[in-house]
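Reader: I have the model open and want to go through a few spots in it. Can you take my questions as they come?

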Amino acid sequence: MCESKIMVSIICNAYNHELYIRDALESFIMQKTSFAFEVLVHDDASTDKTADIIREYEAKYPEIIKPIYQTENQYSKGGGAVFNIQRERVSGKYIAFCEGDDYWTDPNKLQKQYEALEAHPEIDICAHAALRVNAATGIAIDKVSPADSDTVLTVNDVILGDGGYVASASLFLRSTLFRDMPEFRRFLKLDYTMQIQGALRGGMLYLADCMSVYRFLTPGSWTSKMSKSVEKTKKHTEKLRKMLCLLNEETNFAYDEAIQKRLLALDFNYFLSVGEEKRVLNKKYRNLFNELSLTARIKIILKAAFPFLKSIKKK
């Protein structure tokens, strides 16, 4: 790093990431940049050795690693408590994200994204390709890659893509987005709403370079919790529906077609997740149903016709 002024604030939220946090911290330290950056680690009262590992790095890199060690879990309080805490700590012109169970693989990641947004002042957010791996085995599942080459993704692309359209550890955005948030973003503070807000002014700049790893279904992760709770899935779906309606109003229905398609897909995926296969055979979901693989369609038809076949694994 050359310049002393902090240009990028890395937000890293950790909770019981003892098995993974070292990979994340090492991937931050290895970054080769022409500017100074800081790592805002938030340990949310971990009950394993996560905090101890963070302290090792804080002692070794005190000018870079800037942790908070909670004694009481903040996430469980709701209302975006962790987000609000981290937002107040940001001092950089840009913000990069990486949860404690993910990590970066390219030492030039920050520099590439910094240069990309500096060259495109009309764009507020940048993402890149990422590798999705099985958290338990470490085996690659697939690549999170919405395009094959560098491009600008439209607002419609981002709305239709949902939160998993790009990996959270690939996000890099102007910190001004954290200061003036629209109502839909304040209502639901998720990667998805952050991606939408970031894309509203000039789209989302996408780099095809694969520069991070997303560990899928780590124990205790948000995705893992959702997959195990019908009630949480229902509440989350309801919140997403309300958020999309707020977005539609705030943007004067400029993206109404994409939002309506996303609302339809929300219901479709919800019915599948709670075992209501008969509902997705309704003609209004025909296009979504036809986009599934032949194997997936056969399983849905069988489960709808023979409800006792719930033991068949979802594709």
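Author: Start with His17, in the loop between E1 and H1. Keep in mind that the model is predicted.

Reader: Is His17 buried or exposed?

Author: His17 is buried, because its relative accessible area is 10% and the cut-off for buried is under 20%.

Reader: What does His17 touch, leaving out residues up to four places away in sequence?

Author: Asp48, Thr50, Gly100 and Asp101.

Reader: Asn16 is in that loop too. What is its phi?

Author: Asn16 does lie in the loop between E1 and H1. Its phi is near 50°, a positive value in a residue that is not glycine. Asn16 is partly exposed, at 26% relative accessible area.

Reader: Which loop holds Ala45, and what about its phi?

Author: Ala45 sits in the loop between E2 and H2. Its phi is positive, about 60°, although Ala45 is not a glycine. With a relative accessibility of 16%, Ala45 counts as buried.

Reader: On to helices. How do H1 and H2 pack?

Author: H1 covers residues 21-29 and H2 covers residues 50-60; the angle between them is about 20°, and their axes are 10 Å apart. Angles under 35 degrees count as roughly parallel, so H1 and H2 are roughly parallel to each other. The crossing of H1 past H2 is right-handed.

Reader: Which residues meet there?

Author: From H1, Ile21, Arg22, Leu25, Glu26 and Ile29; from H2, Thr50, Ile53, Ile54, Glu56 and Tyr57. Sorted by class, this contact of H1 with H2 has six nonpolar, one polar and three charged residues.

Reader: Why would a helix put residues a few places apart into one contact?

Author: An α-helix has 3.6 residues a turn, so residues three or four places apart point the same way.

Reader: What about H7 and H9?

Author: H7 (residues 191-199) packs with H9 (residues 230-250) at an angle of about 10°, and their axes are 12 Å apart. That angle makes H7 roughly parallel to H9. H7 passes H9 in a right-handed crossing.

Reader: And which residues make that contact?

Author: H7 brings Tyr192, Thr193 and Ile196, while H9 brings Leu240, Met243, Leu244 and Leu247. They divide into six nonpolar, one polar and no charged residues.

Reader: Now H3. Which of its residues are buried?

Author: H3 runs over residues 81-89, and Ala81, Val82, Phe83 and Gln86 are buried. Those buried residues pack against strand E1 (6-14), strand E2 (36-43) and helix H6 (183-187).

Reader: Strands next. How many bridges join E6 to E10?

Author: Nine, between E6 (residues 125-134) and E10, and the two strands run parallel.

Reader: How does E5 pair with E10, parallel or antiparallel?

Author: Antiparallel, over two bridges, with E5 at residues 103-104 and E10 at residues 204-216. Trp104 stands opposite Ser212 in E10.

Reader: And E8 with E10, how many bridges?

Author: Three bridges, running antiparallel, with E8 at residues 151-153. Thr151 stands opposite Tyr206 in E10.

Definitions and conventions: Residues are numbered from 1 along each chain as its sequence is written. This is a predicted model: local features need pLDDT of at least 70, side-chain atom pairs count only at pLDDT 80 or more; totals for chains, interfaces and linings use all residues. Side-chain values use heavy atoms; hydrogens and water are left out. Axes are lines fitted to C-alpha atoms, for helices over the stretch in contact, and angles run from 0 to 180 degrees between N-to-C directions. Helices (H or I, at least four residues) and strands (E, at least two) are DSSP runs, numbered from the N terminus. Angles under 35 degrees count as roughly parallel, over 145 as roughly antiparallel, 65 to 115 as roughly perpendicular and the rest as oblique. A crossing is left-handed if the near helix is turned anticlockwise from the far one by less than a right angle, and right-handed if clockwise. Contact means heavy atoms within 4.5 Å. Ala, Val, Leu, Ile, Met, Phe, Trp, Tyr, Cys and Pro count as nonpolar, Asp, Glu, Lys and Arg as charged, and the others, Gly among them, as polar. Two strands pair if DSSP finds at least two bridges between them. Buried means under 20% relative accessible area, exposed over 50%, partly exposed in between (1.4 Å probe, protein chains only).
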